[in-house]
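Thank you all for coming. Please have the sequence and the model open while I talk, and follow along as I go from one part to the next.

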Amino acid sequence: MTFTLMGTPGLESQHLWLSVPFCSMFLAILIGNGSILFLLATEPTLHSQMYLLLALLMVADLISTLAVVPKLLCLFWFNNQDIAANACFTQMFFIHGSSVVRSALLVFMVFDYFVAICEPLRYNIILSHSLVGRLGLLALAKGVILILPMPLLLQRLTFCHAAIPHTYCDHMAMVKMACNHNRPHLIYGFFVILLVVGLDLLLIGFSYALILQAVVHLTLNTCSAHLFFILITYMPALFSSITHPIGHDISPHTHILLANLYLLLPSMLNPIIYGIKMKEIRVKCLCRGIA
């Protein structure tokens, strides 16, 4: 059986103009991703775990692009709408499979960020090169396991018409073309979307929440002493400066006391604040006290 790709129904007369941005994006994707992959492959200093995940992500992007754009340009340029059934099912597998792999790799990249921020000293131990390889295989297995049943099951259906209202062989568009018994296919398609988009987005959101919590905790733990010192340094000075022009009912001795506090209070609290908060100073003081 041969299917017919309709392109963009309603804009058939604009196909030639639409090909310009698609062709430009195609070249940009090929040149950009290809250049970065070449750099990552030839530069030994970029063989870290993070860049390996980035390289896998770019490979998935290239596969998805090569599965979509060449046939799309043939359709727009030469009105070549026909596509054989086997070619259509193959295109569907690579398009949707690479999308699932990309989504899984994005989750793993967030995990990489989490380890780098929250466990920087144990980064190479937790996220070894062998683990990155296994994560890449896991992403590939996820894409194959979830997407391979789609074209295999579609081959068993009877299609009422062969015109696909799309620029490529989309699973849901083809399921709707079936004459009957397409409900299980619709349910499975929604299940895959929910599992991939919903679950992966949930994992990414949860990971970023942990990263944000760790960053805020680290920032507050590192800067709290400095922030408190800034407050006790500038607040009395600001209050004193404001009360001079507008605080006519405030007694002179209050101004004087505030001025002295502005000068002396920060100096008095400075060693206490930093002595308590700075781990190195605290440890040295304890060691000297024990000695």
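This is a predicted model: local features need pLDDT of at least 70, side-chain atom pairs count only at pLDDT 80 or more; totals for chains, interfaces and linings use all residues.

Is Asp200 buried or exposed? Buried means under 20% relative accessible area, and because Asp200 has a relative accessible area of 3%, it counts as buried. Its side chain makes a polar contact, at 2.9 Å, with the side chain of Lys142. If we leave aside residues up to four places away in sequence, Asp200 touches Lys142 together with Ser103, Ala104, Val107 and Leu195.

Let me turn now to the sheet, which is open and is formed by three strands in the order E2-E1-E3, with mixed pairing. Strands E2 and E3 stand at the edges and have a single partner strand each, so one side of each is left without a neighbour in the sheet. Helix H3, residues 85-118, packs on this sheet and touches E1, E2 and E3, and its direction makes about 85 degrees with that of E2.

In strand E1, Phe3 and Leu5 make up the covered face, while Thr2 and Thr4 make up the uncovered one.

Finally, how many disulfides does a search of the whole structure find? The search finds two. One joins Cys88 to Cys169, with 1.9 Å from S to S, and this pair links distant parts of the chain, 81 residues apart, with Cys88 in helix H3 and Cys169 in the loop between E3 and helix H7. Both of these cysteines are buried. Another disulfide joins Cys160 to Cys179, at 2.1 Å. Cys160 lies in the loop between helix H6 and E3, and Cys179 in the loop between H7 and H8, so this pair ties together parts that are 19 residues apart in sequence. Cys160 counts as exposed, at 52% relative accessibility, whereas Cys179, at 37%, counts as partly exposed.

How values were computed. Residues are numbered from 1 along each chain as its sequence is written. Side-chain values use heavy atoms; hydrogens and water are left out. Buried means under 20% relative accessible area, exposed over 50%, partly exposed in between (1.4 Å probe, protein chains only). Helices (H or I, at least four residues) and strands (E, at least two) are DSSP runs, numbered from the N terminus. A polar contact is a pair of N or O atoms within 3.5 Å; within protein, one must be able to donate a hydrogen and the other to accept it, and residues adjacent in sequence count only if both atoms are side-chain atoms. Contact means heavy atoms within 4.5 Å. Two strands pair if DSSP finds at least two bridges between them. Axes are lines fitted to C-alpha atoms, for helices over the stretch in contact, and angles run from 0 to 180 degrees between N-to-C directions. A disulfide is a pair of cysteine sulfur atoms within 2.5 Å.
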